[in-house]
Amino acid sequence: MAAPDQTLILIADTHIQPHPDDRLDGEDTFANLNAVLDRIASSGIVPDGFIFAGDLANDGEPASYKRFAVAVSKIQNTYGVPVALALGNHDAREPFRTALLTHPPSTERHNEVVTVGPLRIIILDTLVPGRAYGQLGHDQLHWLSVQLGIRAESGTILVMHHPPTHGGVEALNHILLRDTADFHETIYGTDVIGILAGHVHHPTAGMYAGVPVWSGPAVAYSLDPCWPGETFRSITGSGFSIIHIRRRTMVASAVMMPGMQREIAVSPITASLLERWLQPPPV
Ligand SMILES: [Fe+2]
């Protein structure tokens with residue numbers, strides 16, 4: 001079997017917290033991220049690039065991005081390959097840019113094109129400040145359309161925190177990507193060969209506009225898809241994905257870290273929670 005044309009590591013939903021003593025439902029998310037990075041380092045995998053699929057910080061805190069930046073530097077120093085960063089609903093653009101990009105603070109969307117040899121990776125920004133669902137918006141879709149007007153030699157991977165497909169945890173389906181029809185129109189028939197996402201905190205595969213969609217396991221904790229829809233069940237469980245590209249075909253493998261899937265919270269989906277989730281975007 002020939003080696004993959006490209007091997008990418010997808011890391012989703014790190015939810016890094018500001019201080020070393022902080023815990024998220026008992027989970028040390030920064031330790032989880034370091035354990036994932038150690039596992040990758042000890043595996044002998046030679047990645048061509050790393051992709052983070054959003055919810056980098058747990059609540060957009062500047063100190064969380066400073067801690068996250070340490071992990072990104074470690075990756076860059078170890079592998080010397082591109083590290084692509086997407087934002088999720090738990091992120092905040094200004095402190096992210098200040099800590100990770102050393103750019104002037106800005107609330108503009110963070111989207112960019114990253115090339116891994118002949119493969120193009122386009123990072124999209126689905127963050128709607130103060131909302132759990134995602135939206136790309138007309139301007140960003142126009143920008144994407146312009147990018148896709150020129151084909152990449154090995155095709156294009158799109159990275160976005162909110163997947164355009166429904167997932168297996170029913171309650172989460174209220175807070176997915178909103179402008180899916182416009183997104184479909186933008187990417188259908190282009191050179192996009194795969195969509196990588198996070199947000200749903202369990203490995204989920206789907207198909208959209210003729211393109212495979214993979215939402216990778218989260219680093220911070222997992223959500224249980226085998227559970228009644230009126231509550232969330234959060235469980236321990238951390239992982240990442242290995243993405244192989246061969247001849248413009250994307251294949252994703254979930255790697256779960258060792259440990260029990262211990263229950264850490266069961267959260268009801270109440271009417272007031274739904275009302276808050278479904279508020280229109282701020283103007
Ligand atoms: Fe998340």
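**A loop aspartate, the sheet and the core**

Author: In this predicted model, the loop between strand E1 (6-11) and helix H1 (29-43) contains aspartate 25. Beyond its neighbours within four places in sequence, aspartate 25 is in contact with Tyr221, Ser234, Ile264 and Ala265. Alanine 220 lies 195 residues from aspartate 25 in sequence, yet their C-alpha atoms are 9.8 Å apart in space.

The sheet comes next. An open sheet is built from six strands in the order E4-E5-E6-E7-E9-E8, with mixed pairing. Strand E4 (112-116) and strand E8 (204-208) form its edges, each pairing on one side only. From one strand to the next, the twist averages 25 degrees. Within this sheet, strand E6 (residues 156-159) and strand E7 (residues 192-197) run parallel and are joined by four bridges. Isoleucine 157 has glycine 194 in E7 as its bridge partner.

In soluble globular proteins, nonpolar side chains tend to be buried together. Here the largest nonpolar core comprises 66 residues, and Leu10, Ile51, Val159 and Leu196 have the most contacts inside it. E7 gives the most to this core, contributing five residues. Setting aside residues up to four places away in sequence, valine 159 touches Ile51, Ala53, Ala84, Ala86, Ile121, Ile123, Leu124 and Leu196.

Key. Residues numbered from 1 in each chain as written. Predicted model: local features only at pLDDT ≥ 70, side-chain atom pairs only at ≥ 80, totals over all residues. Pairing = 2+ DSSP bridges. Helix = DSSP H or I, 4+ residues; strand = E, 2+ residues; numbered from the N terminus. Axes fitted to C-alpha atoms, helices over the stretch in contact; angles between N-to-C directions. Contact = placed C-beta atoms within 7 Å. Core = buried A, V, L, I, M, F, W, Y, C linked by C-beta atoms within 7 Å. Buried ≥ 20, exposed ≤ 12 C-beta atoms within 10 Å, placed from the backbone.
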